[in-house]
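Work through these exercises with the structure open beside you. Try each task before you read its solution.

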Protein chains: 4
Amino acid sequence: MHVIIDLCVVPLGIGVSVSKEIAACQRVIEASGLEHRMHAYGTNIEGPWDDVMAVVKRCHEVVHEMGAPRITTTIKLGTRTDREQSMDDKVESVEAKLRDSQ
Amino acid sequence: MHVIIDLCVVPLGIGVSVSKEIAACQRVIEASGLEHRMHAYGTNIEGPWDDVMAVVKRCHEVVHEMGAPRITTTIKLGTRTDREQSMDDKVESVEAKLRDSQ
Amino acid sequence: MHVIIDLCVVPLGIGVSVSKEIAACQRVIEASGLEHRMHAYGTNIEGPWDDVMAVVKRCHEVVHEMGAPRITTTIKLGTRTDREQSMDDKVESVEAKLRDSQ
Amino acid sequence: MHVIIDLCVVPLGIGVSVSKEIAACQRVIEASGLEHRMHAYGTNIEGPWDDVMAVVKRCHEVVHEMGAPRITTTIKLGTRTDREQSMDDKVESVEAKLRDSQ
């Protein structure tokens, strides 16, 4: 089962800046070899379900190891059986509609 | 790693009513034996990370098997290493603060 | 436009315990007079769109006033035009399906 | 109060393809003049709280007017009082950490 997720990891109890921990998660994601793209409020990742979910778990482990006593994460997660669709396909599908309507 | 999640599974492409599919997810959750509690916009589940995540995956599989071609799910997911905390502890912790302030 | 939301406010930069701030949000919600129900990972609130959104904004203001320099909130938010549906209706709709299948 | 949100609008009851409705939301966002950036699982928007929330409400209205009887939306929403931070600042802050660690 192929999945596209949007992952937003929020470490608590380490102060107001969390960019060091988010950068560590980015390295976990990059090390996985999965397609991914960071935005201002999370990171899109796509691939086989178990591989993607292993990345999410590893992010929690790494951020706890860095000293964060608490983490709250939000994930959106999409699967479909009617056809294959990549992250790029999703964006392109909307942009095509925007072009058509101009 | 113990986790408390809030799971909201949204099947697409099957019309406006999704309660049959949500009920099927509830049966998956109940069959897992994990602590859980449904509310009006999702279900809280707690337990060991891998067991909880296996339930999420099984929900997607079951809802696709029922005919939904597309699913978009939202998960909130909390872990902590400083102390054990159950779903009931979280609610009680806030309710205690509410009582104290009266 | 009637809306049912699930609100989860997460204050950052104030340490690992956030129950005092969540309790303050509960008081904001109670003061609004809107239907609401707390669970272990957020609070369901329902009512007219503008009233519900005013509560969300007030929660951010109050939690900042309490000293939290940063807040990250997750909201799920449902509207429908085909029929009226309360929070209780949503839960009952799933529970009826669960009873039917036994 | 300045806010950065991540908005994901999901129309239900209109079939499996929702790109036409998402494109309509993009036009609402563009018409607002607010800074925004679409990704594969939502759109980041930033600006004054009331302006951003007016866009979210307008998206629901427009998608219902297009015929969707039901919408479920997920929003992440960040505010901070310690300093100003744009969407670009957030991404740059993580990317700087990634460069430093190489």
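**Exercise 1: axes**

Of the residues of chain D, D:His39 has the C-alpha closest to the rotation axis, at 3.6 Å. This is a predicted model, where local features need pLDDT of at least 70, side-chain atom pairs count only at pLDDT 80 or more, and totals for chains, interfaces and linings use all residues. Residues are numbered from 1 along each chain as its sequence is written, chains are lettered from A and ligands numbered from 1 in the order in which they are written, and side-chain values use heavy atoms, leaving out hydrogens and water.

Solution. Superpose the copies by least squares on the C-alpha atoms of residues with pLDDT of at least 70 in both.

**Exercise 2: the contact of chains A and B**

Task: state how many residues each chain brings to the contact.

Solution. Chain A gives 25 residues and chain B gives 25 residues (contact: heavy atoms within 4.5 Å). Next, look for salt bridges (a side-chain nitrogen of Lys or Arg within 4 Å of a carboxyl oxygen of Asp or Glu). The rule finds two across this interface. In one salt bridge, B:Asp50 meets A:Lys57 at 3.0 Å, N to O.
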